[in-house]
Amino acid sequence: MSIRRRKHWGWGFEDQQPTPAQVRASAVELGAHLGIASEDVEDPVALESLELAPPRLLPPASLSQISQADPHARASHALGKSYTDVVRGFRGQFDELPDFVARPRDEADLERVLEWCSGERVAAIPFGGGTSVVGGVTPAVGPGFNGVVSIDLGALDRVLEVDQVSRSARIQAGALGPSLESQLGEHGLTLRHFPQSFEYSTLGGWIATRAAGHFATVWTHIEDLVESVRAITPTGAWESRRLPGSGAGVSPDRLLAGSEGILGVITESWVRVQPRPTHRGSAGVRFPRFAAGVEAVREISQSGLHPANCRLLDAGEAGLTLAADGSHALLVLGFESSDHPVDASMARALELCSGHGGIAPDTGQRDDGGAASGGDAVSSWRDAFLGAPYLRDVLVAAGILAETFETAITWERFPAFHEGVIAAAEQAVAEVCGEGGRVFCRFTHVYPDGPAPYFTVLARARRGEEPEQWAAIKRAVSDAIIDLGGTITHHHAVGRDHRPWYDRQRPEPFAAALRGAKAAIDPAGIMNPGVLIDPLS
């Protein structure tokens with residue numbers, strides 16, 4: 001009986017990889033749509049052709065039953081899903097590999113793994129769905145370690161308890177988004193957290209990286225939905241008390257949220273759930289200028305209406321996703337509720353939009369539990385949003401550089417910030433990739449005090465130099481973001497890729513405190529070294 005496996009590079013399962021003929025046909029069509037003619041389409045290096053460095057060490061007998069060191073296990077846990085990761089995996093370039101993959105079946109297994117790693121000076125990297133786009137799961141740990149173990153939480157994937165009275169659920173950290181929602185759905189509930197990586201990311205990964213979901217206002221980040229967290233550290237279990245709120249000192253939950261595996265391995269969490277929505281409405285609102293849409297979105301974010309979706313796309317981004325023809329900015333606006341109709345909220349939001357020249361030719365409303373389409377614009381955007389990770393694999397094969405960066409800034413600084421970041425990105429793309437590159441912007445989330453802008457870069461890549469090309473663009477853009485007062489990441493985490501700019505962003509006394517906390521619970525310094533901070537010397 002064959003077991004369905006994920007691709008050792010890129011997005012999805014092996015049986016989802018299109019044929020070479022399909023990739024070539026898609027590449028031609030995509031190149032024409034993007035205005036970047038594709039070169040000859042390359043084929044990925046097959047798993048069977050990989051020449052991987054042998055493991056430096058093998059699992060001890062005590063861990064042999066839960067460990068794997070075959071090529072697929074090691075390669076599929078060596079890279080995340082950034083553009084650079086996908087390129088390297090596509091070309092068979094696995095310069096950093098875990099020596100083996102441990103798949104604990106329970107916390108006792110996990111404790112044995114961490115105890116052995118601590119005793120043998122072996123780096124331990126927690127691995128959820130492997131969707132990190134910032135080097136968070138890459139086994140690039142530097143010198144001083146005798147090996148690296150990737151700890152895959154996939155076996156811890158169950159909804160353990162459901163509290164219908166308090167609307168909470170206890171869920172294991174390795175549960176993937178679809179499985180988590182399916183299990184909650186049996187109780188008529190939803191976590192209502194849908195990041196773009198939803199299909200292959202996990203609850204533990206969301207908490208460890210402070211992931212943001214699809215919904216644009218109110219509960220945007222996963223920590224807003226966390227009631228308590230349990231983790232296994234090298235020195236014992238870390239479990240907070242289950243409470244709706246507490247003012248008892250520094251929050252143990254908030255310290256684990258965003259810890260990116262440097263303090264321990266999250267194993268389960270009580271999270272706040274809710275009934276599935278039965279009232280939905282959506283609309284695509286056109287604006288003649290992006291700046292006019294910005295002002296409309298600011299008013300909506302400060303109105304108390306709290307839309308579920310409030311994504312503003314500039315004209316280029318709207319055209320890229322086929323949500324519009326590229327001649328105007330587009331606001332993808334949506335409301336939902338499990339309690340009451342949303343038409344009044346939608347009407348008021350559209351009224352605010354009209355005050356800034358917004359026109360909504362397509363509006364959808366469904367109160368029967370179905371998803372309102374909002375017309376072709378919203379449907380096209382939704383399809384593009386969900387299909388983007390699959391699409392990028394084809395772009396890599398076609399020699400097209402496609403990557404994103406995201407941040408957040410307050411409203412009064414946004415105009416100058418947007419102008420400066422776009423200018424830095426366009427200049428870097430022209431210098432690195434030549435003419436014809438494009439930079440787009442959209443809002444993924446909005447708050448009363450500011451938006452979270454998300455930028456897309458498209459350009460022609462030079463075969464074999466893609467990682468260096470993107471690194472140069474990323475340096476220029478990241479410098480601009482920090483210099484102009486933004487955050488290096490709103491929801492993609494820090495990992496290894498954002499470390500230089502995170503070091504500039506965070507207060508140094510806080511860094512010292514975090515190093516001290518890590519030293520106290522991870523004295524051997526084995527937990528995901530290189531991420532967030534350097535250990536105490």
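**Exercise 1.** With which residue does arginine 230 form a salt bridge, and how far apart are the closest N and O atoms? Describe where the two partners lie, and decide whether arginine 230 is buried or exposed.

*Solution.* Keep in mind throughout that the model is a predicted one. In one of them, arginine 230 is paired with glutamate 107, and their closest N and O atoms are 2.8 Å apart. Finally, arginine 230 has a relative accessible area of 18%, and because buried means under 20%, arginine 230 is buried.

**Exercise 2.** Examine the salt bridges between glutamate 295 and arginine 298 and between aspartate 503 and arginine 499, and work out how the partners are placed in their helices.

*Solution.* Begin with glutamate 295 and arginine 298, whose closest N and O atoms are 2.9 Å apart. Both residues are in helix α8 (residues 290-301), and because they are 3 residues apart there, about one helical turn separates them. Glutamate 295 counts as partly exposed at 31% relative accessibility, and arginine 298 counts as partly exposed at 24%.

Then turn to aspartate 503 and arginine 499, which meet at 3.1 Å, N to O. These two residues lie in helix α14 (residues 499-505), 4 residues apart, which is about one turn of the helix. Here aspartate 503, at 29% relative accessibility, counts as partly exposed, whereas arginine 499, at 10%, counts as buried. Salt bridges can also share partners, and in this way Glu42, Arg91, Arg463 and Glu466 are joined into one network.

**Exercise 3.** Classify the ring pair of phenylalanine 100 and tryptophan 116 as stacked, edge-to-face or tilted.

*Solution.* The structure holds 12 aromatic pairs. In the pair of phenylalanine 100 and tryptophan 116, the ring centres are 5.8 Å apart and the planes stand at 50°. Planes under 30 degrees apart would count as stacked and those over 60 as edge-to-face, so this pair, at 50°, is tilted. Phenylalanine 100 is in strand β2 (residues 100-102) and tryptophan 116 in helix α4 (residues 107-120), 16 residues apart, and both residues are buried.

**Exercise 4.** Over which ring does the charged end of lysine 7 sit, and over which that of arginine 442?

*Solution.* The charged end of lysine 7 sits over the ring of tryptophan 9, 4.1 Å from its centre. For arginine 442, the ring is that of tyrosine 454, with the charged end 4.2 Å from its centre.

Note on methods. Residues are numbered from 1 along each chain as its sequence is written. This is a predicted model: local features need pLDDT of at least 70, side-chain atom pairs count only at pLDDT 80 or more; totals for chains, interfaces and linings use all residues. Side-chain values use heavy atoms; hydrogens and water are left out. Rings of Phe, Tyr and Trp (its six-membered ring) pair if their centres lie within 6.5 Å; planes under 30 degrees apart count as stacked, over 60 as edge-to-face and the rest as tilted. Buried means under 20% relative accessible area, exposed over 50%, partly exposed in between (1.4 Å probe, protein chains only). A charge sits over a ring if NZ of Lys or CZ of Arg is within 6 Å of the ring centre and within 35 degrees of the ring normal. A salt bridge is a side-chain nitrogen of Lys or Arg within 4 Å of a carboxyl oxygen of Asp or Glu.
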